[in-house]
Structures are given as structure tokens and as C-alpha cells.
Amino acid sequence: MKTLIPLLFVAAAAAQPVTIAHRGASGYVPEHTREAKVMAHAMGAEFIEQDVVLSKDDVPVVLHDIHLDTTSDVATRFPDRKRADGRYYALDFTLAELRQLSMHERMDHKTGKQAYPKRFPATTGGFRILTLDEELELIAGLNHSTGRVAGIYPEIKQPAWHRQEGHDISPIVLSVLAKHGYTSKEHACYLQCFELDEVKRLRTELGWRGRLIFLMGGKTKADLAEVAKIADGIGPAISSIVSGTTVTDLTSRAHALGLDVHPYTLRVDDLPKGISTPEELMRLLFDEAKVDALFTDFPDVTVNWLKKANTP
Ligand code: CA
């Protein structure tokens, strides 16, 4: 198949905010499954997210946690493969073993209950894990068949931990991105990571020339001027942008340094305290704070809101 390399849209350059499908349409279908990605694409998300961890045989797979127990049946299928801390790690399983797992809606590791009770019924569905390569092929295929181009938004998960375990995840992810044609800022791809040292390494030692987002936890104190030297934007928690029903100055400070701001995560079924509707939250984020994109578990809600906002 001729690969359609998605270019960053003119709309993005014209500063229209965009929707990032967080782990796919994860509000409706278990996160990071093929089905969740297809649904996100059909809903019109401009970007679809991939969290990436390595298998034991160094294959990048699309999985949010370094653990497998919250989103798969690993504990019943491989009961003797947990570590001393009681957790099951993707890095301890070969791809062939990971493919035997049935993936499901997220469970709370501590309570054993479904994390978001109104979502897809937990432990049902018989979903499968995807490699990064398979997912990028899927998105390229959908871009080709629908003519609507969605970009990708891969996150390198816990690179320092991977290295400590003897695996260097970043160069492996970069090689898969290159294979699919994502190499420069012209391409509709944002690479993201929570570890500032790795963000710097990606840009320098590893030579990544595409777009780069530094993710910030709720309490991360970062020197934005330093971040702006290497990254194209920041991915802060919504709580760093909206406090109660007012907005903070983080977005304007980042914009002043040329950084885009892509906060996470809109969840219709888990709104911040004091916010009563997703529309109220999106008004604060897009209209008041003026963020450039939003991670959302409910891509249709955000796509529809932005469509209305951009219709004169
Ligand atoms: Ca992520």
C-alpha cells in the first residue's frame, strides 16, 4: 500500500485548536485497542494517541502502563509471572505472549473495580494488544480509505525505567516512526514524554526532528524557557490550566515563549471539581486559556464543540 504521509494541516497552522483522541475513543471502547482507534478516526479526531512500552523482545507495543494487570487477563493467563511487588510487567513478556492476552476496560488495581463504571463493561470484549507498527499501519490505512487524515501522537513511557531494566525504548520508537514516514515537523506527528532529560536526548543525541511535547505532571515545576529551546509545546494537566472556574497564566506564559499547550484529559465522566459540564470546561480551556489542543477520552464531544465554536 502506498503510504499517505499525513502533513500537518493548514488548519493547525492557522491556529485552530485540535482534538487528540486520548488512547483512542477510550471513553467508549477499551483504551488502545484497534476498535478504540478506528472509532476515534471515524469521530474526526485530528490526532490519535499511542502510549508505547516495550515487550521483552524489544517490540514497541501500544499500552498505557508498564504493567499489564489493570487492562488485561494476564493474572489468570500467566499467574506465575508476577514480580515480587505482585505486578505483571509488559517487559517480562515476549510479543508472542502479549498476543495471547485478552485486553479489557481499565480496572482499578487497588479496588479491583472498573475505573470508570459507565464505560465498556470490564473484562468483556476479547480485545487484543497492538504493536506500534500495526497501529501506524491501521491509521495510514484509514487515512487512505477515508481521505481524512488523522495525525499520530506517540508517547514514550518511562524511558529511564526501561533503561534501568536494560532496554532503550526511544531509538526503537524513532525507527518505527521513520519506517512510517514520520521524521520532520512537516508531518502530523507529535512525540511526547514526561521525562525532560529524555525530551532533550531525543532532540540532541537521537536526532529527532519532528514535533516534540514535554508532558508535565500536575506538580511539575519546569523552566519553560529551557523547555522552549528543545520542545514545540507542553502537555500539562488540566488542573494546571483551570483552577476552580478560572484559568491560570500557564498557557499565556508558554505561548509567550512560542510553546503550544496541549492539556490532558477531558473525561465527561470525571470532570474537575466545580465544573458541571464538559462544555463549561472546554469553554475555559479553548476560549479563555486559549489552549491549542486537548486530550480527550470522548473525541466526539470535543470535535463537536470545536466545530460549533469555529462555525460563524
Ligand atoms: Ca499518554
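Mentor: A residue is called buried under 20% relative accessible area, exposed over 50%, and partly exposed in between, using a 1.4 Å probe and protein chains only. This is a predicted model, with local features needing pLDDT of at least 70 and side-chain atom pairs pLDDT 80 or more, while totals for chains, interfaces and linings use all residues. Residues are numbered from 1 along each chain as its sequence is written, and side-chain values use heavy atoms, without hydrogens and water.

Trainee: OK, is I66 buried or exposed?

Mentor: Its relative accessible area is 9%, so I66 counts as buried. You'll find I66 in the loop between strand 3 and helix 3 (74-77). Helices here are DSSP runs of H or I with at least four residues, strands are E runs of at least two, and both are numbered from the N terminus.

Trainee: And what is I66 in contact with?

Mentor: Skipping neighbours within four places in sequence, I66 touches V53, Y88, Y89, A90, Q158, W161 and H162. Contact means heavy atoms within 4.5 Å. As for S55, 11 residues away along the chain, its C-alpha is 9.6 Å from that of I66.

Trainee: Now the helices. At what angle do helix 11 and helix 12 pack?

Mentor: About 60°, with the axes 11 Å apart; helix 11 covers residues 278-289 and helix 12 covers 299-309. Axes are lines fitted to C-alpha atoms, for helices over the stretch in contact, with angles from 0 to 180 degrees between N-to-C directions. Helix 11 and helix 12 are therefore oblique to each other. Under 35 degrees is roughly parallel, over 145 roughly antiparallel, 65 to 115 roughly perpendicular, and the rest oblique.

Trainee: Which residues meet there, between helix 11 and helix 12?

Mentor: Helix 11 brings P278, E279, M282, R283, F286 and D287, and helix 12 answers with V301, T302, W305 and L306. Take M282 in helix 11: its relative accessibility is 0%, so M282 is buried. Beyond its neighbours within four places, M282 contacts L266, D287, L294, V301, T302 and W305. M282 and L266 are 16 residues apart along the chain, with 8.4 Å between their C-alpha atoms.

Trainee: What about helix 2 and helix 5, how do they cross?

Mentor: Helix 2 (residues 34-42) and helix 5 (residues 132-146) cross at roughly 30°, and their axes come within 11 Å. That makes helix 2 roughly parallel to helix 5. At the contact, R34, K37, V38 and H41 of helix 2 meet E135, L138, I139, L142, N143 and T146 of helix 5.

Trainee: How many residues of helix 8 are buried?

Mentor: Six of the eight in helix 8 (residues 196-203), so it's largely enclosed by the rest of the structure. The six are L196, E198, V199, R201, L202 and R203. Their cover includes strand 4 (151-156), helix 6 (159-164), helix 7, strand 5 (190-193), strand 6 (211-216) and helix 9 (224-230). Helix 7 itself (residues 169-179) has I169, S170, I172, V173, L174, V176 and L177 buried. Just past helix 7, G181 has a positive phi of about 90°.

Trainee: Which residue other than glycine has a positive phi near 65°?

Mentor: That's K290, in the loop between helix 11 and strand 11 (293-296). D58 is no glycine either, and its phi is positive at about 60°. D58 sits in the loop between strand 2 (47-54) and strand 3 (60-62), and at 33% relative accessibility it counts as partly exposed.

Trainee: Last one: where is the cis peptide bond with omega near -10°?

Mentor: From Y264 to T265. T265 lies in the loop between strand 10 (260-261) and helix 11. Most residues other than glycine have a negative phi, and most peptide bonds are trans.
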